Amino acid sequence: MSDFDYLKNIETAARKALNRIKSKHQGDEICAFGLYSDDGSQTICVAANTKSFLCQQITKHPEDASYYKWMTPEWKMENIERDLFDDVQKHLSDDLSKIESEQEFIKFQDRFFEACVQALENLKRDGLFSNMIAMFMVIDYDNDKNLSSWAHRLNSTKEAEEFDALLAE
């Protein structure tokens, strides 16, 4: 495994991505920002949502309001600002190619996912998520306990409990 600093590089890229998104969408309030990966830890992507888009989705599908609020694939912007994560993506690919066992993969996945959540926590600590939710999501991931834990680390208790209710559905 390389000694690549995933936390530092993900945090730097995420900060730049959020600033770009806010700059591009000055007329529309950003209400959600997140990073997401897949259960194979092969990617890192950015998603963001605007308040107006969320309201449109909730108006169309009021019974699924929490789903549209929390699920990054349903947000207005998905898989954006990829160029900022090129270095992280390269190291992911290189590191994954060197893994020889399931135990090594699980250790790597835990380290990578934790770096993503910590990066978002650092942005939250710096005040970049005022009036918005933050999320780290993993596509095709069966560990609701981790998803819940991450939501609680990144959001208010009230918001995180709303996410927990969605998971329980």
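**Sheet and helix packing in the predicted model**

Asp-38 stands opposite Ile-139 of strand β4. The cut-off matters here, because a residue counts as buried when its relative accessible area is under 20%.

Strand β1 also pairs with strand β2 (residues 45-50), this time in the antiparallel sense and over 6 bridges. Within that pairing, Ile-30 has Thr-50 of β2 as its bridge partner. Taken as a whole, the sheet is open and has 4 strands, arranged in the order β3-β2-β1-β4 with mixed pairing. The edge positions are held by β3 (77-80) and β4, each of which has a single partner strand, so one side of each lacks a neighbour in the sheet. From one strand to the next, the twist averages 25°. Helix α2 (residues 51-60) packs on this sheet, where it touches β1 and β2, and its direction makes about 75° with that of β2.

Helix α4 (residues 86-97) packs against helix α5 (residues 102-125) at an angle of about 160°, and their axes lie 11 Å apart. Angles over 145 degrees count as roughly antiparallel, and α4 and α5 are therefore roughly antiparallel to each other. Their crossing is right-handed. On the α4 side the contact involves Leu-92, Asp-95 and Leu-96, while α5 contributes Phe-105, Phe-108 and Phe-112. Sorted by class, the contact of α4 with α5 contains 5 nonpolar residues, 1 charged residue and no polar ones.

Helix α5 takes part in a further packing, with helix α6 (residues 144-154), at an angle of about 20° and with the axes 9 Å apart. The crossing in which α5 passes α6 is right-handed. From α5, the contact draws on Phe-113, Glu-114, Val-117, Gln-118, Leu-120, Glu-121 and Lys-124, and from α6 on Trp-150, Arg-153 and Leu-154. The residues of the α5 and α6 contact divide into 5 nonpolar, 1 polar and 4 charged.

Asn-79 has a phi near 60°, a positive value in a residue other than glycine. This residue lies in strand β3, and with a relative accessible area of 37%, Asn-79 is partly exposed. Asp-140 likewise is a residue other than glycine with a positive phi, near 60°. Its place is in the loop between β4 and α6. Asp-140 counts as exposed because its relative accessibility is 63%, the cut-off for that class being over 50%.

Note on methods
Residues numbered from 1 in each chain as written. Predicted model: local features only at pLDDT ≥ 70, side-chain atom pairs only at ≥ 80, totals over all residues. Heavy atoms only, no water. Pairing = 2+ DSSP bridges. Helix = DSSP H or I, 4+ residues; strand = E, 2+ residues; numbered from the N terminus. Axes fitted to C-alpha atoms, helices over the stretch in contact; angles between N-to-C directions. Parallel < 35°, antiparallel > 145°, perpendicular 65-115°, else oblique. Left-handed = near helix turned anticlockwise from the far one by under 90°. Contact = heavy atoms within 4.5 Å. Nonpolar A, V, L, I, M, F, W, Y, C, P; charged D, E, K, R; others polar. Buried < 20%, exposed > 50% of the residue type's maximum accessible area, 1.4 Å probe, protein only.
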